[in-house]
Amino acid sequence: MKQPQQNSSAATIAFLAMFITFNVVIARLVIIPVPWTHGNVNLCDSGIFIAAFLYGRKSGAIVGSLSGFLLDMISGYSQYLLFSFIIHGLEGWIAGVIGKHDTGASQIAAVLVAGLITVGGYYLADTILYGNWAGLAGIVPNIIQIVVNAALAIILKPFIQKHFSRKGSL
């Protein structure tokens, strides 16, 4: 499905809504609970990275914030709603700022920095919610999630760019 070529507000909102919906559905299909952190491992970050790389920092932040928030809401992790909104929003913003240059090096740098923010953010969230041991226990699963999602995003981005591209960004 080709996206609208005009840069209207309605088209942008509709496109972002579809991107967020698709991201939440994909992330919900692969969700692995991590009982010792009361969180989960999913594919949400790959959609955030792709949105940020293709459409910029604002789109990355919007897709990140709302995808993380909605995924936690429908997955039964309401204690993480605010944390995910902020953490994934920052992840998308940073990935869009650093990964805006269409090069492999900038995108690798983007996922590394954004991934560190995400891992650190969830360490703080788990520590606030459940104590330092939960925060520490979540580091390895969160690193695995970022690495898997970063690889998927970098591999899938050219395909998505070719077949579902849209001119402009938010």
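Are Phe 15 and Phe 19 buried or exposed? Both residues are buried in this predicted model, and the views below begin with them.

**View 1. Phe 15 and Phe 19 in helix α1.** The two residues belong to helix α1, which covers residues 9–29, and are four residues apart, about one turn of the helix. An α-helix has 3.6 residues a turn, so residues three or four places apart point the same way. A search of the whole structure gives seven aromatic pairs. Among them, Phe 15 and Phe 19 make a tilted pair, with 6.1 Å centre to centre and 50° between the planes. Together with Tyr 55, Phe 15 and Phe 19 form one aromatic cluster.

View 2. The rings of Phe 49 and Phe 53 form a stacked aromatic pair, at 6.3 Å centre to centre and 15° between the planes.

View 3. Helix α5 comprises 27 residues, 104–130. From its first C-alpha to its last the helix reaches 37 Å, close to the 39 Å expected at 1.5 Å a residue. The buried residues of α5 include Ser 106, Gln 107, Ala 110, Val 111, Ala 114 and Gly 115. Further along, Thr 118, Val 119, Gly 121, Tyr 122, Ala 125 and Asp 126 are buried as well. Gly 131 follows α5 and has a positive phi, near 105°.

Notes: Residues are numbered from 1 along each chain as its sequence is written. This is a predicted model: local features need pLDDT of at least 70, side-chain atom pairs count only at pLDDT 80 or more; totals for chains, interfaces and linings use all residues. Side-chain values use heavy atoms; hydrogens and water are left out. The expected span of a helix is 1.5 Å times one less than its number of residues. Buried means under 20% relative accessible area, exposed over 50%, partly exposed in between (1.4 Å probe, protein chains only). Rings of Phe, Tyr and Trp (its six-membered ring) pair if their centres lie within 6.5 Å; planes under 30 degrees apart count as stacked, over 60 as edge-to-face and the rest as tilted.
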